[in-house]
Amino acid sequence: MEKIRFAQEDTEEFVDFFVLEQARLNGFNYILVTDSEEEGALALILKDLSKDEEKEAEYVIVEDDKELEIIAGIFEQMLEDICFEK
């Protein structure tokens, strides 16, 4: 799994996540990330809000229930061995 480092907006701290999968929907890039390579780890779906010409991506956690349901379904189809729990 690819590991990427995120800078937190309000602090100078960094958080590392492992990228499980990525998808593009309605002009936005989404990534499914986890905080550990262990089974049962916390997983998040992040949405890239940056413009194509920007050098750095700006990711936010997908919180809208409808959007989350749709993109989670896509990731579940892409990764047959994954099941999301709320």
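**Exercise 1.** Is D48 buried or exposed, and which side chain of opposite charge is nearest?

*Solution.* Start with the place: D48 sits in strand β4 (strands are DSSP runs of E, at least two residues, numbered from the N terminus). Next, the cover: D48 is buried (under 20% relative accessible area, with a 1.4 Å probe and protein chains only; exposed is over 50%, partly exposed in between). Now look for a partner. The nearest side chain of opposite charge is R24, 6.8 Å away. D48 has no salt bridge (a side-chain nitrogen of Lys or Arg within 4 Å of a carboxyl oxygen of Asp or Glu). Last, the backbone: the D48 side chain reaches the backbone nitrogen of E58 at 3.4 Å.

The model is predicted: local features need pLDDT of at least 70, side-chain atom pairs pLDDT 80 or more, while totals for chains, interfaces and linings use all residues. Residues are numbered from 1 along each chain as its sequence is written, and side-chain values use heavy atoms, without hydrogens and water.

**Exercise 2.** Find the place of N26 and describe its phi.

*Solution.* First, locate N26: the loop between β2 (14-25) and β3. Then read phi: near 50°, a positive value in a residue other than glycine. Finally, check the cover. N26 counts as exposed because its relative accessibility is 69%.

**Exercise 3.** Where does D52 lie?

*Solution.* D52 is in the loop between β4 (43-48) and β5 (59-61). Its relative accessible area is 71%, so D52 is exposed.

**Exercise 4.** Classify F28 by its cover.

*Solution.* F28 lies in strand β3 (residues 28-34). Its relative accessibility is 30%, so F28 counts as partly exposed.

Definitions and conventions. Helix = DSSP H or I, 4+ residues; strand = E, 2+ residues; numbered from the N terminus. Lys, Arg positive; Asp, Glu negative; His and termini not counted. Polar contact = N/O pair within 3.5 Å; in protein donor to acceptor, adjacent residues only side chain to side chain.
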